[in-house]
Amino acid sequence: MSTTTEQATTSRVNSAMKEILASGASRAVLSVFLGFVVGALFMVFSNDAFLQSIQYFAAKPGDALGSAWTAIADGYAALFRGSIYNYQAANPVAAFRPITETLRFAGPLIAAALGVALAFRVGLFNIGASGQILFGALWATWISTRVTLPWGIHLIVALLVAILGAAAYGAIVGFLKARTGAHEVIVTIMMNYIAAGILTFFFRTPELLREADGGGTPKSDAPAVTAQLPVLLGPEYTLHWGFVLAIVGVVTYWWIMERSTMGYRFRMVGHNPDAARTAGINVERTFVLAMAVSGAFVGLAAANQALGARAGMTPDIDGTIGFDAITVALLGSSTAPGVLLAGLLFGAFKAGAPAMQAIGLSPEITGVVQGFIVLFIAAPPLVRAIFRLPAPQKTTVVADWWRGIFSRGGAK
Amino acid sequence: MKLELRGITKRFGSLVANDHIDLVVNSGEIHSLLGENGAGKSTLMNVLYGLYQADEGEILLDGTVQHFKGPGDAMAAGIGMVHQHFMLIPVFTVAENVVLGNEPTGPLGTLNLDEARKRVREISDRFGFDIDPDALVEDLPVGAQQRVEIIKALARDAKVLVLDEPTAVLTPQETDELMSIMRGLAKSGTSIVFITHKLREVQAVADRITVIRLGAVVGEAKPSESAETLASMMVGRAVDLAVTKHKPKKGNIGLSVTNLTVVGDRHNKVVDDVSFEVHAGEVLAIAGVQGNGQTELAEALVGLRIPSSGTIHLGELDITHSSVREVIDAGVGYIPEDRSKDGLVGDFTIAENVMINRSYGPPFANGLQVDFASRDRITDQLIKDYDVRTPSRETLAKKLSGGNQQKVVVARELSRDLNLLIASQPTRGVDVGSIEFIHERIVATRDAGKPVVIISTELDEVTALADRIAVMFRGRIVGIVDATASRETLGRMMAGATA
Amino acid sequence: MSTVVTPGLFSQADVTVSKRTSYLLGFFALLVFFAFGIFGKAEPVAFQWSKEGDAIHLPDFIVGSNVVGIVVGSLLAAASVVSFLLARRRRATPMWITVGTGLTAVVALLAWIAAGDTIPFAFILGNAVVLAVPLALGAMGGIMSERVGVVNIAIEGQLLTGAFLAAVVGTLSGNLYVGLAAAMVGAALLSMVLAAFAIVYLVDQIIVGVVLNVLVLGITNFFYSQVLSNDGMHTNFPGTFDIMPIPGLSSIPILGHALFESRITTYLAYLIIPALWFVLFKTRLGLRARSVGEHPLAADTVGINVGRTRFWWVTIGGLVAGLGGAALTIGAVGAFGRNMSGGQGFIALAVVILGRWHPFSAAAAALLFGFSIVLRIWANQVSPDFPTDFITIVPYVVTLIAVIGFVGRVRAPAADGQPYIKG
């Protein structure tokens with residue numbers, strides 16, 4: 001067994017991860033702010049009115065500035081209407097719909113990000129959330145479309161299967177790393193593709209999961225009503241119990257990482273696998289366990305996707321959640337409250353898309369904002385340089401407050 | 001070439017690693033730089049070699065001031081360095097390593113490896129090194145790798161050769177060979193800076209000695225000076241390494257190891273058919289030159305390495321194939337040789353470090369949860385009992401000094417109910433005050449009727465603590481002698497002679 | 001950072017060579033022999049070597065599908081016996097046996113799928129090469145980066161940048177070569193960001209890579225939906241490079257069409273792959289680069305500037321990966337599509353590993369992935385019932401097997417991914 005490779009890789013993730021994890025809330029907020037600023041620039045420079053008025057900028061600078069302001073204001077106003085409160089809505093029910101949509105989109109993001117975050121804290125980089133979602137969703141779909149069970153039990157079984165499926169798929173990664181020293185990043189990337197292939201095969205084959213009277217494209221049936229996650233706020237809103245699952249996940253994650261001995265050992269292995277091994281901890285088994293638990297959180301996202309659906313599902317059921325989860329975990333500093341807030345923000349980006357589309361702004365702008373936010377998060381020196389922040393040794397008041405509230409013992 | 005350092009000062013943050021150091025090395029002279037671990041010797045040499053830039057002071061070669069922006073400049077000026085950790089690329093051949101950075105090339109920048117081989121053979125023949133230019137470095141034994149390093153420096157026309165702790169990994173014979181190489185080089189006009197903390201070697205080979213302590217020059221000395229004088233210069237006060245201890249009250253056999261063999265990472269027998277016994281209330285020291293299987297033996301004893309044959313019994317209990325956790329639960333305390341790598345989690349607080357090997361149950365765990373109250377109470381008590389100098393129990397372990405870190409490790413291990421203590425290099429890189437404290441604690445453990453195994457490469461420590469001494473050489477125990485054995489006897493055994 | 005030198009060899013213990021390779025070969029031998037041979041299909045299969053109108057026309061080779069299975073199965077069995085014998089003499093199975101075995105097994109699979117039909121060999125090879133070019137170029141960029149010790153997860157972003165800029169700049173300027181240059185420079189700039197973050201700011205290389213991928217995807221998606229899809233005619237209609245047959249070479253039987261009737265992007269790949277090999281292993285530049293990737297501190301002590309070496313190798317690697325991106329658009333289909341690279345950068349990463357950080361092996365690995373894509377399409381046509389999804393995942397499974405060290409050990413540059421902190 002090549003312990004040296006493993007040490008090298010783990011310590012590598014560690015050293016750089018430390019600063020990112022130790023970032024605290026202040027830099028996260030600054031990064032989000034900067035991300036919105038850059039997003040605004042993209043809006044302005046792709047705005048027709050602005051591009052026309054810039055041609056006679058010297059003559060009438062007010063036009064250009066005015067249209068720039070309008071572009072930004074319209075864009076972010078649309079994002080607000082689409083994701084938080086639609087003040088233009090005809091009735092109160094519709095006015096509050098955006099925030100429920102945000103919560104609905106945030107659910108799977110938060111859940112999957114918790115999985116990625118947990119792996120980060122153990123010194124592992126789980127790029128395999130997408131594969132784990134697919135694998136969990138595969139078996140959940142099997143239960144929800146091919147098995148008949150009574151009300152209640154059907155949903156619980158489907159839920160457990162989603163979690164266990166994703167956890168098992170994650171555990172394989174941990175097992176391969178533990179047994180062979182293979183780097184989990186490569187393993188998870190390969191396993192994402194393998195899961196996609198398997199799921200597509202299942203959704204394509206009539207004897208397996210293909211929809212009852214489907215054509216040639218791979219697609220499953222809608223989950224049976226008994227296995228669907230019920231709506232949370234009545235029939236007016238599509239928000240379902242998946243979000244509650246995510247919140248339960250956040251609390252569980254906090255308990256595991258901050259209170260439990262298992263989380264303590266996870267963090268120990270993440271910080272120093274050699275010392276952990278010397279202290280009698282089976283590091284290899286911890287990798288397997290951590291990846292399984294990481295996968296279990298991702299499994300909550302799988303349940304969200306597979307059981308929150310009301311129509312047939314296609315092989316891209318994971319959407320971009322797998323990779324978005326990495327960005328959410330990074331922005332949230334891999335802490336429970338951080339992931340929750342970051343997940344809500346990115347959920348809002350998704351929810352806001354239709355409203356932005358409606359005013360002729362490509363909703364993909366949120367992808368740009370999202371990309372820059374994590375760029376700033378990933379590059380602490382960059383943000384420090386922009387805001388002339390002190391070097392990281394001196395923790396800010398906010399960071400201290402943050403840490404004091406949410407973690408014990410000061411160590412990350 | 002005459003080398004002169006004037007007022008070299010190097011700071012790392014608030015730490016002053018070198019404080020206005022002056023040093024003169026004459027042409028063809030072997031000048032020894034003597035100092036304890038952490039005295040600032042290596043920092044000084046890295047400044048000289050251009051790896052670090054000095055904050056103050058200047059470097060002169062034959063009277064001209066030099067400005068080294070990197071090792072390239074230093075090399076061009078005629079300075080060569082053999083680092084403590086070899087700077088060789090394991091997957092390259094000897095020839096490739098020797099010419100790296102100074103490659104003979106043909107058209108298009110193609111490598112001329114024939115020329116490279118020729119250079120290696122030339123130097124190798126001149127000094128009788130016997131090195132195959134086409135061998136992969138990773139396949140060579142340590143002594144040969146060191147000779148490759150010397151060839152590398154000479155191939156660059158080094159006029160000043162710096163050897164940084166070159167004997168740490170060598171057997172006494174290899175050390176002797178190295179010394180005759182050094183003398184030969186000096187005779188041919190090369191100036192040599194020989195960095196070490198080993199008094200005997202200094203006395204054997206140096207022309208002049210400069211002693212540094214805590215980053216500053218303490219003074220110059222002649223090799224004819226007595227070892228005691230040199231030692232007291234090194235540590236700053238008269239050294240009395242002898243620990244006061246009473247005659248051992250031997251009890252039953254606490255640890256017995258029979259025919260233990262451990263196969264290493266490269267399929268070689270790193271521990272070869274080793275047998276010994278340790279009684280309760282006795283300290284057995286395992287001495288030997290670093291890298292002769294002591295580390296692997298210790299790791300096998302605590303379950304970190306799986307023996308390929310032989311048995312380990314803790315009293316009546318067979319722990320040959322026990323996991324680390326089982327060994328810990330059986331009451332084996334272990335102080336690993338590299339505390340920052342294996343002994344502590346630097347990013348954990350002291351409180352968190354105190355429970356690293358007992359997180360599964362009381363007093364540190366309460367069901368599935370950490371018992372924070374109990375943990376904090378125990379930690380505070382240990383900080384007090386073991387005199388750990390720290391602002392609070394919430395201080396990160398990496399922020400502590402080496403001595404205080406080691407006290408945390410010792411406190412953690414000794415505060416358990418032990419049936420055996422294994423301490424590997426227990427005072428390496430620890431300040432003198434802490435050394436005394438730790439030694440006292442180890443002896444107290446012995447006096448409490450526990451079997452103790454000390455593994456140390458420092459003969460002084462071995463003779464101070466041990467009741468009996470086992471000497472390891474190439475994975476074997478060449479003999480077990482009483483603690484009263486002479487240094488000469490021990491030295492011969494460390495070179496492989498049987499007792 | 002410093003390499004710990006293992007103590008000298010004491011007495012040598014028994015060294016056992018893993019027999020896993022041998023067992024694996026044996027397993028495939030049995031599988032092929034029985035599944036494709038004994039229980040295979042008896043219909044004849046035609047191996048079609050030439051296209052119509054070739055200067056030299058080789059006749060089709062027609063043989064029973066099951067015959068191929070039996071012959072190949074026997075060959076594989078022989079290979080596994082050789083492997084077992086070698087293992088008993090404590091010698092590892094040579095790489096060429098493993099690779100050769102894999103390729104012959106693929107032939108048996110082809111014959112089984114195409115029973116009663118034709119295997120258009122030139123068609124399959126030709127398309128595999130076209131598909132392999134972006135992968136290979138991305139992988140070369142990855143090799144250049146990883147050989148100096150910087151893990152490059154951002155190949156995906158570099159391909160996407162290259163594909164986007166090649167199409168857009170190619171359209172706006174009306175000159176595909178300008179587009180090609182823009183693609184290369186754009187991807188190189190992205191590489192510089194990776195290099196600066198990883199080398200100067202010591203940010204985790206994997207995280208920067210992932211983040212850059214997210215960023216590029218966000219930006220290109222935005223421009224695609226906001227600009228390109230509204231006015232594609234003026235912004236995203238570059239056309240493609242012309243196909244330039246190389247006189248003489250293109251009329252070589254079997255291989256000529258596939259290899260020497262291609263676009264300039266493919267020919268550039270032919271040049272870059274051996275050139276990279278030459279530079280890496282035969283020149284001073286390469287020796288220094290590899291030393292930086294293996295043991296940066298050692299390189300530093302002999303006067304090699306680690307940071308600068310890493311920075312430029314990563315950057316130039318970006319140029320090459322950008323070329324790969326251009327090959328996706330103006331070297332193949334022309335216009336840019338949303339998320340055009342679609343994960344090919346990650347496949348290129350797999351190619352780097354499967355190719356053991358060696359340009360030629362990586363090129364072969366890229367071809368393997370190219371084959372798997374063509375085979376899926378072709379198998380779907382020939383035999384609609386065949387579960388083509390499994391062909392899709394074969395290369396990933398193969399990479400996984402390689403990564404977990406099932407068949408020999410994959411040894412990355414020792415300092416791959418480790419920041420070099422000086423002082």
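Two residues are in contact here if their C-beta atoms, placed from the backbone, lie within 7 Å. With that in hand, here are the views. This is a predicted model, in which local features need pLDDT of at least 70, side-chain atom pairs count only at pLDDT 80 or more, and totals for chains, interfaces and linings use all residues. Residues are numbered from 1 along each chain as its sequence is written, while chains are lettered from A and ligands numbered from 1 in the order in which they are written.

**View 1. The fold of chain C.** Among contacts in chain C between residues at least 6 apart in sequence, 77% join residues at least 24 apart. Chain C has 16 helices and 5 strands; helices (H or I, at least four residues) and strands (E, at least two) are DSSP runs, numbered from the N terminus. Of the 423 residues in chain C, 55% are buried, that is, 20 or more other C-beta atoms lie within 10 Å of the residue's own C-beta, placed from the backbone. The C-alpha atoms of chain C fill a box of roughly 75 × 65 × 40 Å along the principal axes.

**View 2. The two domains of chain C.** Domain 1 covers 20-116 and domain 2 covers 122-403, with bounds from an automatic or database domain assignment. Their centres, taken over C-alpha atoms, are 31 Å apart. The contact takes 8 residues from domain 1 of chain C and 9 residues from domain 2 of chain C. On the domain 1 side, the residues divide into 6 nonpolar, 1 polar and 1 charged; Ala, Val, Leu, Ile, Met, Phe, Trp, Tyr, Cys and Pro count as nonpolar, Asp, Glu, Lys and Arg as charged, and the others, Gly among them, as polar.

**View 3. Where chain A meets chain C.** Here 40 residues of chain A and 38 residues of chain C take part in the contact. Among the elements that give two or more residues to the chain A side are helix H1 (3-21) and helix H7 (153-180). The largest share, 11 residues, comes from H8(A). This side of chain A holds 28 nonpolar, 9 polar and 3 charged residues.

**View 4. Where chain A meets chain B.** Chain A gives 22 residues to this contact and chain B gives 29 residues. Helix H10 (261-271) and helix H11 (273-278) of chain A each supply at least two residues of the chain A side, and H10(A) has the largest share, 6 residues. The chain A side divides into 6 nonpolar, 9 polar and 7 charged residues.

**View 5. Helix H12 of chain A.** H12(A) is mostly covered, with 23 of its 25 residues buried.

Note on methods. A residue is buried if 20 or more other C-beta atoms lie within 10 Å of its own, exposed if 12 or fewer, and partly exposed in between; C-beta atoms are placed from the backbone.
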